[in-house]
Amino acid sequence: MDERQQKETMMLHDPIKTQSGFEVGGRPQVWRNWSGTVEAKVERMACCASEEQLRDAILNAPAPLRPLGSGHSFTPLVATSGTILDLSAFSGLIDYDPAQCTATIGAGTQLCNLTEMLAGLGQALPNMGDIDKQSIAGALGTATHGSGLGLGAYHTQLRSMRLVDGCGRKRELVASRDQEMIEATGVGLGIFGALTAVTLQNVPSYNLRRKRTMLPIAATLEGFESLMSAHRSTEIFVVPFAKHALIQMLDKTEEAGDYATTAEDEDGIATLKTLRNYLKWFPGLRRTLIGNAMAKLSDEEHVGEWMKIYVTDRRSKFNEIEYHLPFEEGAGALAEIIKLIETRFPQIYFPIEVRSVKKDDFWLSPFYGRDTCSIAVHHGAGEDPSAFFRAAEAVFRRRGGRPHWGKLHTMTAADIAAVYPRFHDAMEVRREMDPDNRFVSPYIEKLLGISR
Ligand SMILES: Cc1cc2nc3c(=O)[nH]c(=O)nc-3n(C[C@H](O)[C@H](O)[C@H](O)COP(=O)(O)OP(=O)(O)OC[C@H]3O[C@@H](n4cnc5c(N)ncnc54)[C@H](O)[C@@H]3O)c2cc1C
């Protein structure tokens, strides 16, 4: 390819609807996130297939530049009027080391492809979140996580990173030499540069046993800390107006099994929505119907391969807010959120999702320096979530919560600096890596307090 053809490949990108959320059409192109609530008319869509093309785009394409993963963040982290950098071409296995159990992969690789690739190598991710549609760079960029007090978020697996920074410099950060820089930039929000490849520390492949049981709310709150710590991974789902919580427990097993999560949870959400629609103003009846139904559900137990047990099918569109609290605040915050929904926001039908995450040392990680209890609340897409989310956020912030970077919140720079001890250090590194603020959109400017 000559230089002209290369530029054309970069700039005249075929709009993609699926992974990156672009609409077919002429310029300016419209990009929307997964839930459809963030929309941006972008001047340029740069689909880069090599580090040279990426460098060219970073130096010459209209700013602000924002790297795109799979568009699954609810916050406008990717939105810009300038250029979206579509990095999905940086995908696939680059190298692996069976002795160290590491794999180097393109940063745009979607998690569903990554899990397949790793399975072929006999490697596995130590933990996963609810879905596998994100890109690995996007998951790292917002500190995406699963559940387990002994398990870190995805970024804690980072052993090396390749990126092109705001000056077009190619940088390679390797843990043995650059651990501090990996900790500074590993939860990157797309503000330090565009990632092209990462090396992950994986674990040997394993099977999981998933147990699900119902527990009365009072017992769930009372035994909260031991419930969360008794298993490799525990997740609590509290259905509003039910008297019970669903407790999901995952543990490693040597047993064989071929269970794969199905759409059953989706059917449950649809039923809860119907009950909400008919019984919103009859909370007593709603409580009785849901409570009785949940109490009758029998315990479940299944065994399957790691990735098939972690991943669920999330087809109902929603918006979400999730805060990461000091672990010891978890039970109190959960009790407050249940009361909030049941007394003031009867329109909520999605279960409250409660997880735990092990502390780490990454400067922009919401798990920095403290074991965490994460609480997420959801609101059907297409319905206005603002009053409920404002009230829930007040509960979380009063208890020292840090927001999930990819989920809705209203924090800006001063609030963030108050709860992230290394926030200012991270901003200093950002200034060095992107001195001309090429990656700074109006949202990033406000979020991080960057002055031009
Ligand atoms: C249905 C659903 C389920 C979810 N479940 C979970 C869950 O279980 N746990 C959890 O923690 N979160 C969860 N999330 C949130 C989601 O994991 C994060 O928002 C994640 O960042 C989305 O990844 P993405 O690839 O779509 O990234 P995007 O949303 O496209 O981007 C996220 C950030 O990464 C940056 N970025 C992307 N690619 C690059 C790159 N190559 N170089 C530099 N920066 C880059 C972007 O600029 C942006 O700042 C869920 C979201 C949805 C919609």
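**Exercise 1. Is Val-38 buried or exposed, going by its relative accessibility?**

Solution. Start with the ground rules. This is a predicted model, in which local features need pLDDT of at least 70, side-chain atom pairs count only at pLDDT 80 or more, and totals for chains, interfaces and linings use all residues. Residues are numbered from 1 along each chain as its sequence is written, and side-chain values use heavy atoms, with hydrogens and water left out.

Step 1. Take the cut-offs: buried means under 20% relative accessible area, exposed over 50%, and partly exposed in between (1.4 Å probe, protein chains only).

Step 2. Apply them. Val-38 has 9% relative accessibility, so it counts as buried.

Step 3. Val-38 sits in the loop between β1 (29-32) and β2 (39-42). Helices (H or I, at least four residues) and strands (E, at least two) are DSSP runs, numbered from the N terminus.

Step 4. List its contacts (heavy atoms within 4.5 Å). Leaving out residues up to four places away in sequence, Val-38 touches Trp-31, Arg-32, Asn-33, Phe-74, Thr-75, Pro-76 and Ala-79.

Step 5. Val-38 and Ser-73 are 35 residues apart along the chain, and their C-alpha atoms are separated by 9.0 Å.

**Exercise 2. Describe the chain as a whole.**

Solution. Step 1. Count the elements: the chain has 15 helices and 20 strands.

Step 1. Check burial. Of the 452 residues in the chain, 58% are buried.

Step 2. Look at contacts between residues at least 6 apart in sequence: 73% of them join residues at least 24 apart.

Step 3. The chain exposes about 18,200 Å², and carbon and sulfur atoms supply 51% of that. Accessible areas come from the Shrake-Rupley method with a 1.4 Å probe; for residues, only the protein chains shown count as cover.

**Exercise 3. Which residues of the largest nonpolar core touch the most other members?**

Solution. Step 1. Define the set. A nonpolar core consists of buried Ala, Val, Leu, Ile, Met, Phe, Trp, Tyr and Cys residues joined through side-chain atoms within 4.5 Å.

Step 1. Name the residues. The largest core has 102 residues, and Trp-306, Ile-352, Leu-364 and Leu-448 touch the most other members.

Step 2. Find the main contributor. Helix α11 (residues 330-344) gives the most to this core, with seven residues.

Step 3. Locate the core. It lies between domain 1 (93-204) and domain 2 (207-403), because both give residues to it. The domain bounds come from an automatic or database domain assignment.

Step 4. Return to Trp-306. Beyond four places in sequence, its contacts include Thr-115, Leu-118, Met-128 and Tyr-206.

**Exercise 4. Which residues come nearest to the ligand?**

Solution. Step 1. Collect the shell: a residue is near a molecule or strand if one of its heavy atoms lies within 4 Å of it. There are 35 residues around the ligand, and Pro-67, His-72, Ser-73, Asp-130 and Thr-142 come nearest.

Step 1. Trace the shell to its elements. β4 (65-68), α4 (136-141) and β11 (193-201) each supply at least two residues.

Step 2. Inspect the pairs of N or O atoms. A backbone N or O atom of Ser-70 is 2.8 Å from a ligand oxygen atom. A polar backbone atom of Gly-138 lies 2.8 Å from an oxygen atom of the ligand. For His-404, a side-chain N or O atom is 2.8 Å from a ligand oxygen.

Step 3. Judge the cover. Taken alone the ligand exposes 970 Å², and the protein buries 99% of that.

Step 4. Follow Thr-142. This residue lies in the loop between α4 and β9. Its relative accessible area is 7%, so Thr-142 is buried. Leaving aside neighbours within four places in sequence, Thr-142 is in contact with Ser-73, Leu-77, Val-187, His-404, Trp-405 and Gly-406.

Definitions and conventions
Polar contact = N/O pair within 3.5 Å; in protein donor to acceptor, adjacent residues only side chain to side chain.
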